[in-house]
Amino acid sequence: MELEDFIEILKIDSTSSKERELAEYLEKKLDDGICRVERHEVGDGTLNLMFSWGTPDIVFCTHMDTVPPYIPPSIRKESGRKTIFGRGSCDAKGQIYAMYRACRRLADSGESGFGLLLVSGEECGSKGAIKAAGYLPETGTVIVGEPTDNMTVSASKGTMAFDIEIKGIPFHSGYPEYGKSAIDMFIGFMNGLNNTVFPEDPLLGKTTYNVGMLKSDNPRNILSGILTFSLYFRTTFASCDMIEKTVLGLCVEGISAKPLGGDRPMEYLTTGNAIGIKSKPVSFGSDAPRLNNFRNRMIMGAGSILVAHTENEHVTEEELDKATENYIELFRYLKSNNI
């Protein structure tokens, strides 16, 4: 696979729920005539793909969907260095490109016993990974591709989500004493949350949270009668068991919270100093917690999480080449040590 092939992959809009077109393209494009190719329906119109060279004990895995909006690819060349821009360039089509190149090089050198798993729906609840965990056999190690600056991940924060509904009493805004504003209640709820002290974790640091899908359709001259929003936490080992109790404790009369679940914070396999690949903890989620049919889980990939999901998403050709080399080194390290 050449850089031109990577650009073709980036040209396909695979924002979450649209990734079937990319899956069908890759199903044919990545078939080298040696590997076994399998497709699995996820159940929502999307596909998972598995490419196997022999019976996989080590599996490279990343996702085909991207966050919106779709951004077409472009290449910028400065001082002989190529930077590839566009949605998915590092999160995570760049990982598809680097992982497949590693697989082909391993196969060409006579190696077997590995696979490439491409899943759908990572950006919207790891739907493909959950499906894959249901049909894949229990086996050795999965290496999940995410933008980690080509470092292995030692630990990642967990996630926890809630749907919140606040019911006020709508009334003419000239006479607020006769009503109750759901917006004022929301401010009170958020002040209570902001004043909550979550313990700082020695490995993963602070617990953070974000409000999304905030909605209140009241006219400007009527007190808000209802307000809804989604609350999303990045949890740590020190805080994960106190989040639900904290949120429910802030639900005074008129406020209700529906827990939506999430993933617990996790530690992952690294190579220590054995082959020179550095490691670090991260604050983002991935498919790795859902792939629980593997004895060991690792996360590593090209590019930076600081540009993923932004208008400036990009990855350099040098980073992609380094990721390919790292994946090969990880495979040989895991195989030689029977991990």
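Which residues does Thr246 touch, not counting residues up to four places away in sequence? I opened the predicted model to look this up. I found Leu193, Thr196 and Phe198 in contact with Thr246.

**Entry: Thr246**

I placed Thr246 in helix α6, which covers residues 243–249. I then followed its side chain. The side chain of Thr246 reaches the backbone oxygen of Met242 at 2.7 Å.

**Entry: α1 against α2**

I turned to helix α1 (residues 3–11) and helix α2 (residues 20–29). I read a packing angle of about 155° and axes 10 Å apart. Angles over 145 degrees count as roughly antiparallel, so I logged α1 as roughly antiparallel to α2. The crossing of α1 past α2 is right-handed.

I then listed who meets whom. From α1 come Asp5, Glu8 and Ile9. From α2 come Leu22, Tyr25, Leu26 and Lys29. By class, I have four nonpolar and three charged residues in this contact, and no polar ones.

**Entry: the buried side of α1**

I looked up which residues of α1 are buried. They are Leu3, Asp5, Phe6, Ile7, Ile9 and Leu10.

What do the buried residues of α1 pack against? I noted α2, and the strands β4 (74–78), β5 (81–85) and β16 (314–316). Helices α3 (93–108) and α7 (317–336) complete the entry.

Note on methods
Residues numbered from 1 in each chain as written. Predicted model: local features only at pLDDT ≥ 70, side-chain atom pairs only at ≥ 80, totals over all residues. Heavy atoms only, no water. Helix = DSSP H or I, 4+ residues; strand = E, 2+ residues; numbered from the N terminus. Polar contact = N/O pair within 3.5 Å; in protein donor to acceptor, adjacent residues only side chain to side chain. Contact = heavy atoms within 4.5 Å. Axes fitted to C-alpha atoms, helices over the stretch in contact; angles between N-to-C directions. Parallel < 35°, antiparallel > 145°, perpendicular 65-115°, else oblique. Left-handed = near helix turned anticlockwise from the far one by under 90°. Nonpolar A, V, L, I, M, F, W, Y, C, P; charged D, E, K, R; others polar. Buried < 20%, exposed > 50% of the residue type's maximum accessible area, 1.4 Å probe, protein only.
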